[in-house]
Amino acid sequence: MRWRAPPGLGVAAMSYVAIDYLRHISPTWHARLQPALWSILALAAVIRVPFYKHWFSEFRAAIPFVASMLFMLSALLFEALSVRFVTAVLGLDWHRDTRPLPDTGQWLLLALNEKLPHVIVEILRARIIGLHHFLMLFMMLAFSVLFDSVEAPGLGLGARYMFTMAIGRLLRAISFVSTILPSARPWCATARFRVPAYPHHWAQKYYVPYASDANSIRQLIQWDIAYADTGKYLGDYQPDWGSMSFLIDYLRPTASEGSSWFSLLKKAGGGCNDLLYSGHMLVAVLTAMAWTEAYGGFSSALIWLFVIHSAQREIRERHHYTVDCVVAIYVGILLWKMTGYIWPVKDASRGRRLTKLEKIQGRLIQAAKDSDMDKVRELLEEVEIGSQESQNKGPNRAMWVFACATIFSALTIVLLAFTWTSDG
């Protein structure tokens with residue numbers, strides 16, 4: 001039977017998006033309403049803590065949640081290394097001089113600007129929703145277990161989200177590091193990175209001599225060996241990174257960037273190559289999939305509209321090519337479906353109910369044959385009470401400590417995520 005979600009979550013989510021958009025229309029009202037909304041939501045969550053009945057389910061999901069978080073952080077670290085590598089290996093001159101790829105999606109949007117009414121075009125151009133909105137929408141979805149809007153455990157839903165995100169990020173990094181594509185914004189690398197202007201010695205040997213001349217490429221295919229004499233390679237700055245010195249060839253630091261390898265990764269951001277596929281769209285699609293599966297309703301349709309709006313803005317503003325957004329959409333959908341087969345998403349109390357139901361199956365069938373609805377109702381209540389009793393057993397004081405720690409940690413994560421991604 002499909003979970004029937006109480007109303008309210010969708011209204012809160014759409015209110016958050018609408019109030020946050022006020023920053024572009026009325027910054028004064030935005031400064032007043034946004035803190036008020038977050039305070040109300042946080043207070044409501046804290047008030048609901050004593051009445052939440054599924055802390056044992058949350059406790060069982062805590063270890064997978066932490067493991068998924070560590071897996072996702074590891075995937076993001078690998079992605080940051082890959083972003084810096086694909087930007088640095090060919091040098092700034094290549095980024096500045098290489099033309100963007102032809103993108104029919106960009107052509108279509110420019111053509112629609114000429115055909116559609118001006119109001120529609122302005123709506124398509126509006127920065128209604130961004131990366132941090134989708135992250136916040138998912139966090140609201142996970143917190144809504146406190147209000148019985150979605151099925152428990154919320155930590156289980158969060159663990160699946162991060163696990164799926166980590167797989168998607170790893171596949172993305174493997175994809176864009178395999179073939180280096182030019183950015184749709186040729187000025188990006190020069191404005192954001194301080195890598196050397198010339199290519200790394202790997203590119204000097206294996207790419208540059210065969211990059212443009214057709215005869216050289218034909219001969220390379222025929223001989224299948226890097227035959228060109230490149231002379232003396234141009235060297236790079238060599239800082240002392242100790243045990244992390246093996247990263248120098250991948251990150252290509254310069255003297256002006258300091259002596260810390262980690263500071264280089266923090267500057268990676270979204271990179272300045274075309275990173276196939278879009279990470280922003282992956283987050284958006286996973287949020288929409290989680291929302292549709294766990295909550296559904298009209299609000300999930302609106303979130304999918306936000307996904308489409310965000311995709312066309314990524315293409316319109318040339319943060320990505322059309323192929324990046326298209327691939328991100330179907331990869332996100334397929335990954336979420338895939339983890340649905342291997343990830344435990346159901347509350348363990350359902351298993352206990354089924355076990356109890358099997359025990360009383362004979363009596364329940366007999367009561368139904370006798371048309372004794374009072375007996376049927378009594379037996380079903382017995383199943384529900386038995387499930388609740390099995391959940392209520394255990395160290396209540398320890399569960400209270402766990403509940404408080406979970407809420408505090410979750411609110412801290414929300415605050416950090418909102419701060420670190422508020423610029424999109």
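A cavity, on a 1 Å grid over the protein atoms alone, is a set of points where a 1.4 Å probe fits but cannot get out; lining residues have an atom within 4 Å of a point. I am working on a predicted model, where local features need pLDDT of at least 70, side-chain atom pairs count only at pLDDT 80 or more, and totals for chains, interfaces and linings use all residues. Residues are numbered from 1 along each chain as its sequence is written, and side-chain values use heavy atoms, with hydrogens and water left out.

**Cavity.** I looked for cavities of 30 Å³ or more and found one. The largest cavity has about 40 Å³ of space; a volume is the space filled by probe spheres set on the points, which are joined across faces, edges and corners. I listed its lining: Trp94, His95, Thr98, Pro182, Ser183, Arg185, Pro186, Cys188, Ala189 and Cys272. Helices α4 (91–97) and α9 (188–192) each give at least two lining residues (helices are DSSP runs of H or I, at least four residues, numbered from the N terminus).

**Core.** I then took the largest nonpolar core, which has 68 residues. Such a core is a set of buried (under 20% relative accessible area, 1.4 Å probe, protein chains only) Ala, Val, Leu, Ile, Met, Phe, Trp, Tyr and Cys residues joined through side-chain atoms within 4.5 Å. Its largest share, eleven residues, comes from α7. Leucine 137 is among those with the most contacts inside the core. Beyond four places in sequence, leucine 137 contacts (heavy atoms within 4.5 Å) Ala13, Tyr16, Val17, Ile129, Thr287, Trp291 and Ile303.

**Serine 82.** I checked this residue in α3. Serine 82 is buried, at 5% relative accessible area. Leaving out residues up to four places away, serine 82 touches Ala173, Phe176 and Val177.

Definitions and conventions. Buried < 20%, exposed > 50% of the residue type's maximum accessible area, 1.4 Å probe, protein only. 1 Å grid on protein atoms, 1.4 Å probe; cavity = no way out; pocket = protein on both sides within 12 Å on 5 of 7 lines; lining within 4 Å.
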